[in-house]
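Thank you all for coming. I would like to walk through one model this morning, going residue by residue where that helps, and I will give the cut-offs as the terms come up.

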Amino acid sequence: SIRFDSRQEEMKNKIYSAFINAAYQPPKPDEILKAFGREERAAKMVFDALVDMDKLVKINEEIYITDEAYIKAKELLIDFLKANGEITAAQFRDTI
């Protein structure tokens, strides 16, 4: 289990909140990390820990979403496919 000191805990909350608030329009990791200024390197370690803890899910190099958003998107996709049999990328975007 990963343990955070008080400053890292603040960073974790700030990073995770940014992704929660953004839902399916997530910020780029570099943008979030640069906001920490001189602490960018420490923030990167916290960000990586969130990924390791499966709190942030990597979609590709520039896109990460929260675990909750990932689960919800997956459920919506499954429900749509059960009802319709197939889905286009545009339909998926509209669904989430």
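Let me begin with a question: in which loop is Asp 54 found? Asp 54 is found in the loop between α3 and β1, the latter being residues 56-60, where helices (H or I, at least four residues) and strands (E, at least two) are DSSP runs numbered from the N terminus. Before I go further, please keep in mind that this is a predicted model, in which local features need pLDDT of at least 70 and side-chain atom pairs count only at pLDDT 80 or more, whereas totals for chains, interfaces and linings use all residues. Residues are numbered from 1 along each chain as its sequence is written, and side-chain values use heavy atoms, with hydrogens and water left out.

On confidence, the protein averages a pLDDT of 95 and 100% of the residues score at least 70, pLDDT being the predictor's confidence in each residue, from 0 to 100. Among the elements, helix α3 (residues 40-52) has the highest mean pLDDT, at 97, and helix α5 (residues 89-95) the lowest, at 90.

Coming back to Asp 54, its phi is near 65°, a positive value in a residue other than glycine. Most residues other than glycine have a negative phi. Ala 23 also has a positive phi, near 50°, and is found in the loop between α1 and α2, the latter being residues 29-34. Asp 54 is exposed, with a relative accessible area of 55%, while Ala 23 counts as partly exposed at 31%; here buried means under 20% relative accessible area, exposed over 50%, and partly exposed in between, with a 1.4 Å probe and protein chains only.

Asp 54 is also one of the contacts of Asp 67, which is found in helix α4 (residues 67-84) and is buried, with a relative accessible area of 16%. Leaving aside neighbours within four places in sequence, Asp 67 is in contact, meaning heavy atoms within 4.5 Å, with Tyr 16, Asp 54, Lys 55 and Val 57. With Tyr 16 there is a side-chain to side-chain polar contact of 2.5 Å, a polar contact being a pair of N or O atoms within 3.5 Å, where within protein one must be able to donate a hydrogen and the other to accept it, and residues adjacent in sequence count only if both atoms are side-chain atoms.

What about a lysine, buried or exposed, in the case of Lys 12? Lys 12, in helix α1 (residues 6-22), is buried because its relative accessible area is 18%. Its side chain makes a polar contact of 3.1 Å with the side chain of Glu 9, and, leaving aside neighbours within four places in sequence, Lys 12 is in contact with Phe 4, Val 46 and Leu 50.

Tyr 64 and Pro 29 are 35 residues apart in sequence, yet 7.7 Å apart in space, C-alpha to C-alpha. Again leaving aside neighbours within four places in sequence, the contacts of Tyr 64 include Phe 19, Pro 26, Pro 29 and Phe 47, and Val 57 is also among them.

That is the tour, and I am happy to take questions.
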